[in-house]
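Subject: Structure handover and findings

Hi,

Here is the structure I promised. Please load it before reading on; my notes follow below.

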2 protein chains.
Amino acid sequence: VPEYRKDPIFDRRVIFAEGRSARPHDFQARPAVRLNSNCPFCEGSERETPGELAAIRRPGTEPNSPGWQVRVVPNRYPALDTIDALPDQIPFAPQASTMPACGSHEVIIESPHHLHAVSQLSDEQLADVLRIYRDRLDCLRQDKRLRYGLIFKNVGAQAGASLEHLHSQLIATTIVPPVVEWEIGQSRQASEQLGECAWCRLVEDELASRERIVLKTSDFIAFCPFASRFPLETWIVPRSHASDYCGLDDARLALLARELRSVLSKLESALGTPAYNFVLHTTPFDTPTLDHYHWHIEIIPRVSMIAGFEWGAGYHINACLPEQAARVICGEITACSSRQD
Amino acid sequence: VPEYRKDPIFDRRVIFAEGRSARPHDFQARPAVRLNSNCPFCEGSERETPGELAAIRRPGTEPNSPGWQVRVVPNRYPALDTIDALPDQIPFAPQASTMPACGSHEVIIESPHHLHAVSQLSDEQLADVLRIYRDRLDCLRQDKRLRYGLIFKNVGAQAGASLEHLHSQLIATTIVPPVVEWEIGQSRQASEQLGECAWCRLVEDELASRERIVLKTSDFIAFCPFASRFPLETWIVPRSHASDYCGLDDARLALLARELRSVLSKLESALGTPAYNFVLHTTPFDTPTLDHYHWHIEIIPRVSMIAGFEWGAGYHINACLPEQAARVICGEITACSSRQD
């Protein structure tokens with residue numbers, strides 16, 4: 001049974017999920033990405049995944065049959081037990097060293113076709129994906145035992161993907177992820193010092209300086225953050241105050257889809273279809289509205305290695321300034337830099 | 001000039017080191033590991049590295065010439081400017097967003113021969129390496145502008161190494177790394193609650209349970225920690241209270257070398273020479289002695305990928321329980337598990 005564990009000394013949780021098991025020879029190398037043949041995510045292979053939780057499909061088509069555009073299914077190798085396995089009494093005092101890891105681990109299959117790059121989607125298809133993110137979060141939010149839904153995407157083996165077919169994942173948990181708690185706390189503190197929302201100010205300052213902007217539209221900006229941890233790291237942030245991703249209506253999601261697709265297309269052409277991770281940070285289920293936080297997307301190209309220094313020190317060495325990174329992504333310069341031993 | 005940057009919202013430092021630059025095509029894939037031919041770390045190529053800072057060498061041989069066993073040189077692509085570039089007044093109020101990144105970035109070349117695995121060293125050679133770690137830390141400690149020396153090792157391309165020849169690195173900085181500050185703070189808190197050193201207790205408890213022990217000797221234990229972040233993560237901890245690595249005398253270092261080599265040999269035979277990171281955590285230069293902390297070594301085999309969940313949530317999913325991991329490393333079982341999408 002998947003469980004959270006805490007070290008006797010360190011307040012640092014880990015989920016142990018033995019169900020995500022594989023063979024010992026997988027230790028030898030990074031996992032191979034499963035390619036076209038027998039892809040369980042392609043249209044026509046619906047029976048190879050667990051039964052669908054949601055889908056955008058043509059009227060009149062049956063669940064778990066062809067006819068869909070976007071399809072959400074439980075992960076076959078879940079990191080969590082189902083939420084209904086959660087005991088009524090959770091023994092999770094700060095001292096408790098284990099507790100059951102329950103929630104929902106879902107896969108969002110972004111196309112019925114075997115695509116591997118977001119640029120291959122149309123703006124409308126990507127808008128469908130963003131809409132289903134929102135709708136799944138709103139659905140999971142109804143279960144009061146769940147406190148957070150984290151949406152992320154791994155593209156390419158280097159970024160941890162084991163299937164090539166374009167997909168995202170959603171992990172909904174009974175705890176708020178520590179990075180999100182920390183982000184919200186830091187945002188509160190910074191906003192109190194400023195006397196206004198620190199994210200609204202950040203957007204203004206980035207627009208004013210223009211040095212790190214990758215793309216701006218009427219509703220969103222994409223920029224390389226001032227203290228980027230990773231070369232070419234890019235964030236997408238709403239220009240008007242908005243802490244909850246689920247507050248976006250369909251029209252705004254269509255605009256976001258256009259911006260996101262454009263940013264990822266730039267990255268793909270600048271870097272030649274790089275591996276990357278994509279993370280959506282929004283508010284916890286029980287506090288959707290905050291006046292000091294903006295939901296945002298973090299795109300992390302996996303072009304440099306995380307090495308001993310980063311694990312040992314807890315911070316990053318980055319060989320590429322964000323002012324350069326923005327120009328690389330926009331195709332204005334081709335040289336940035338990369339980590340060497 | 002290398003600099004620390006802090007985000008306007010987040011108190012999260014990053015070192016920007018443009019000097020560690022490479023060509024844009026390096027973005028396409030992880031860096032290739034440089035092999036035997038023209039290796040700048042091999043005996044006879046001393047002129048291909050910056051001039052040596054320290055060495056263990058045969059009497060009568062000249063610096064930067066053959067005749068050495070272990071050799072310490074400045075990193076040719078340093079993450080930091082030299083400590084003498086540090087301005088007298090450092091403008092580092094909590095609000096300041098940049099400050100110069102100064103210190104020392106050194107490479108410890110562990111053998112004159114082109115070895116790539118610690119198991120190829122003799123116990124005596126490895127003891128020399130551990131001794132030079134201590135001596136470099138003690139030397140750097142004399143400079144009161146420096147607050148910490150982090151020793152780490154990247155073995156294999158998957159772990160971030162770009163040179164195959166066996167080596168470690170030392171990065172000495174004017175700040176204490178946040179992970180070390182956090183570890184020490186958590187250890188203090190846990191020890192106060194226990195009324196004794198939490199690390200002494202941890203050692204006792206691990207010895208009593210025996211479930212996670214990889215190796216124990218009279219002076220040290222190696223075990224897979226209860227809340228391991230990574231499959232097969234292994235720590236080496238002194239059994240008697242000792243917070244400062246530099247307090248080890250030559251006799252103890254010889255025992256540590258034997259234990260460390262034995263643990264790494266087990267890992268290598270269980271996993272077939274895996275990529276791994278190695279980190280030495282000890283006390284800051286200005287507080288060598290703490291009654292609630294043990295120096296320790298963390299060995300992190302890079303057998304699973306860090307993916308979107310880990311970046312987005314700030315904690316890890318691990319498919320391998322440490323009770324299993326210890327048995328895998330000891331060769332008692334071959335099956336553990338690995339991450340799948």
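Start with A:Asn64, which sits in the loop between β3 (54–57) and β4 (68–74) of chain A. Bear in mind throughout that this is a predicted model. A:Asn64 has a relative accessibility of 17%, so it counts as buried, the cut-off being under 20%. Its backbone deserves a look too. Most residues other than glycine have a negative phi. The phi of A:Asn64 is positive, near 60 degrees, and this residue is not a glycine.

A:Thr273 also has a positive phi without being a glycine, here about 50 degrees. This residue is in the loop between α4 and β13 (276–281) of chain A. At 45% relative accessibility, A:Thr273 counts as partly exposed.

Now to chain B and its Asn64. B:Asn64 is in the loop between β3 (54–57) and β4 (68–74) of that chain. Its relative accessibility is 17%, and it therefore counts as buried.

Next, a glutamate in chain A. A:Glu110 lies in the loop between β7 (102–109) and α1. Is A:Glu110 buried or exposed? Its relative accessibility is 0%, so it counts as buried. The side chain of A:Glu110 makes a polar contact with the side chain of A:Lys153, at 2.6 Å. Residues up to four places away in sequence aside, A:Glu110 touches A:Gln69, A:Val70, A:Leu121, A:Val129, A:Tyr133, A:Lys153, A:Leu166, A:His167 and A:Ser168.

On to helix packing. Two packed helices are described by the angle between their axes and the distance between the axes.

In chain A, the pair is α1 (residues 123–141) and α4 (residues 250–271). Their axes are 8 Å apart, at an angle of about 120 degrees. Angles of 65 to 115 degrees would count as roughly perpendicular. α1(A) and α4(A) are therefore oblique to each other. The crossing of α1(A) past α4(A) is right-handed. From α1(A), the contact takes in A:Asp123, A:Leu126, A:Ala127, A:Leu130, A:Arg131 and A:Arg134. From α4(A) come A:Asp250, A:Leu253, A:Ala254, A:Leu256, A:Ala257, A:Arg258, A:Leu260 and A:Arg261. By class, the contact of α1(A) with α4(A) holds eight nonpolar residues, six charged and no polar ones.

In chain B, look at α2 (residues 178–194) and α3 (residues 198–209). Their axes come within 8 Å and cross at roughly 75 degrees. That makes α2(B) roughly perpendicular to α3(B). α2(B) contributes B:Ser187, B:Ala190, B:Ser191 and B:Leu194 to the contact, and α3(B) contributes B:Ala198, B:Trp199 and B:Arg201. These residues divide into four nonpolar, two polar and one charged.

How do they compare in accessibility? B:Leu260 counts as buried at 2%. B:Arg261 counts as partly exposed at 24%.

Their contacts, not counting residues up to four places away in sequence:

- B:Leu260 touches B:Leu126, B:Leu130, B:Ile236, B:Phe278 and B:Ile299.
- B:Arg261 touches B:Val118, B:Ser119, B:Leu121, B:Ser122, B:Asp123 and B:Leu126.

Two C-alpha distances go with them. B:Leu260 and B:Phe220 are 40 residues apart along the chain and separated by 9.5 Å. B:Arg261 and B:Gln120 are 141 residues apart in sequence and 9.2 Å apart in space.

Last stop: B:Arg327, in helix α6 (residues 322–329) of chain B. At 41% relative accessibility, this residue counts as partly exposed. B:Arg327 and B:Ser162 are 165 residues apart in sequence, and their C-alpha atoms are 31 Å apart.

Best wishes

Definitions and conventions:
Residues numbered from 1 in each chain as written. Chains lettered and ligands numbered in written order. Predicted model: local features only at pLDDT ≥ 70, side-chain atom pairs only at ≥ 80, totals over all residues. Heavy atoms only, no water. Helix = DSSP H or I, 4+ residues; strand = E, 2+ residues; numbered from the N terminus. Buried < 20%, exposed > 50% of the residue type's maximum accessible area, 1.4 Å probe, protein only. Axes fitted to C-alpha atoms, helices over the stretch in contact; angles between N-to-C directions. Parallel < 35°, antiparallel > 145°, perpendicular 65-115°, else oblique. Left-handed = near helix turned anticlockwise from the far one by under 90°. Contact = heavy atoms within 4.5 Å. Nonpolar A, V, L, I, M, F, W, Y, C, P; charged D, E, K, R; others polar. Polar contact = N/O pair within 3.5 Å; in protein donor to acceptor, adjacent residues only side chain to side chain.
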